[in-house]
Amino acid sequence: MVKQSDRAPLLDWEEIPPPDPNQAAQQQQQQQQPPPREGVAPKSSQPAGRYAPTGTAAGSGWSTTAATTITRSPTSSGKAAFASGNGSPGRPLTEPFGTDRHIPFPGLSARDQWEEKDQIVAVFVVTFDTRSGNMVEWCLPHDINLDGVEFKSIASGSHRITSDFIYFRKGCYFGLACFANMPVESELERGARMKSVGILSPSYTLLYRYMHFLENQVRHQLKCPGQYSPLEAFYEDKKAVLPPTGNGLVTACPTWSVTTINRCMHPEMKITHPAGCMSQFIQFFGEQIMVLWKFALLRKRILIFSPPPIGVVCYRVYCCCCLANVSLPGIGVSVPELRPFFYINIADITALETELSYVACTTEKIFEEKKELYDVYVDNQNVKTHRSHLQPLLRLNAADKEKYRKLSEQRQMLLYSQEVDGDCTTNEEDLFILFFMELNNRIFQTLSDVAGSTDPTLTAEHVRAMGLDPQGDRSFLVDLLEVYGIDVALVIDSLCCT
């Protein structure tokens, strides 16, 4: 039996198998059960919050299933509903390709396709040609300007790896591309065929949901070059309807403007990265996170270098931006926004020259010599700066180590409660975001209270109450007051500045 589908113009017909008697009996039994209350997920055989066994993101080694996800039902008028980590109903959030042949776009879970539409403005295939280098092989729409995308989608040095994924910026859009390198017996291709399949969107927060689809499609392009029908169908189904007057502004992370601290504070973030992203970030940098936190809060230009694969480093860019979250109203409105550039190459030099604040990553070592383009350079776990007035911030003080100890302690308590008590009301991502947001809020609330008092003098007691070191964080506080335009006098051990 066949049934017509209205989900994709180029996939008009789907084969519907005859009903399974056993499955029909199960469905009848389920229908007799009372429906779950709105906002409450049905029970799952997978323990809530535990990581379900799934595939891993290419080049990262991290599980791609979130411990707790937030979904939106098409009939719930935008109200969020919680679902356990194994997806709802009964399938992972990011399901491996080929597990459901009734999904029109293999690699996308049914839930992802039924949720609200994304704004996909372009889909493209980039290839490496032995004579011409990187080039855009195919794209939709055909008239879109993709200049430079061919170099953003295949990172410099990618010929040494088999697969990768890359987040990047292209003008007022964000992109995600999946790269793959396949050996071939061809002298013309010099023994290797390299391609990337990617998409562009005004926002990066939901791009990750298409990771598996893009991974599948780049493998398909390597094996069957020139077969674009699945990509054409995907674009027709997901293409954006953008307003006619574009202002050219880049969409920033929507989670930075949150004003409440609860489970629904960053639903988009939960499908922006694989589960464990923040945990890996903490484990990789260790105590150096406190150094990065200060530079992020000061809105410095931070550049992270790493050889390929670069996908995991794109997540570090995102995590670094999350260090500067502040939920107090009115704070930071006059300072440059800390914007994620994700992957950059030498073609982005002109754009970076005018940026006042950003976090980016690159595989090109030449950027280390371009000191006018950045304030902070991160090579592996080595954080350094050539700005003399920022040098004191590189040294960890007692307060920094104490804050990191508290963060580690909270993580261990969370993991223990999840393992022993089965308490999964909070995950590591929530803990990470809330820890630094509350830290930042406490600092700016104290500074605002002092600035509005009859005696706007910041004392050593105030500094300690903010969780900072009166002596070791003096230069950090001086810069913070200047960047955010807070008018208080800093008096510590008879030293004064405003």
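## Basis of the description

Because the model is predicted, local features are described only at pLDDT of at least 70 and side-chain atom pairs only at pLDDT 80 or more, whereas totals for chains, interfaces and linings use all residues. Residues are numbered from 1 along each chain as its sequence is written, and side-chain values use heavy atoms, with hydrogens and water left out.

## Helix α7 and Trp293

Because 9 of the 10 residues of α7 are buried, this helix is largely enclosed by the rest of the structure; buried means under 20% relative accessible area, exposed over 50% and partly exposed in between, with a 1.4 Å probe and protein chains only. Among the buried residues of α7 is Trp293, which, leaving aside residues up to four places away in sequence, touches Leu323, Lys403, Phe436, Leu439, Asn440, Ile443, Leu468 and Phe476, where contact means heavy atoms within 4.5 Å. After α7 comes Arg299, with a positive phi near 60°.

## Helix α10

Helix α10 runs over residues 398-421 and reaches 33 Å from its first C-alpha to its last, close to the 34 Å expected at 1.5 Å a residue, the expected span being 1.5 Å times one less than the number of residues. The buried residues of α10, among them Lys403, Tyr404 and Leu407, pack against α6, α7 and α11.

At the start of α10, a side-chain oxygen of Asn397 comes to within 3.0 Å of the backbone nitrogen of Ala399, while Gly422, just after the helix, takes a positive phi of about 70°.

## Ser306 in its loop

Ser306 lies in the loop between β10 (301-305) and α8 (311-322), and this serine is buried, with a relative accessible area of 13%. Not counting residues up to four places away in sequence, Ser306 touches Val313, Thr362 and Thr363.

Key:
Helices (H or I, at least four residues) and strands (E, at least two) are DSSP runs, numbered from the N terminus. A polar contact is a pair of N or O atoms within 3.5 Å; within protein, one must be able to donate a hydrogen and the other to accept it, and residues adjacent in sequence count only if both atoms are side-chain atoms.
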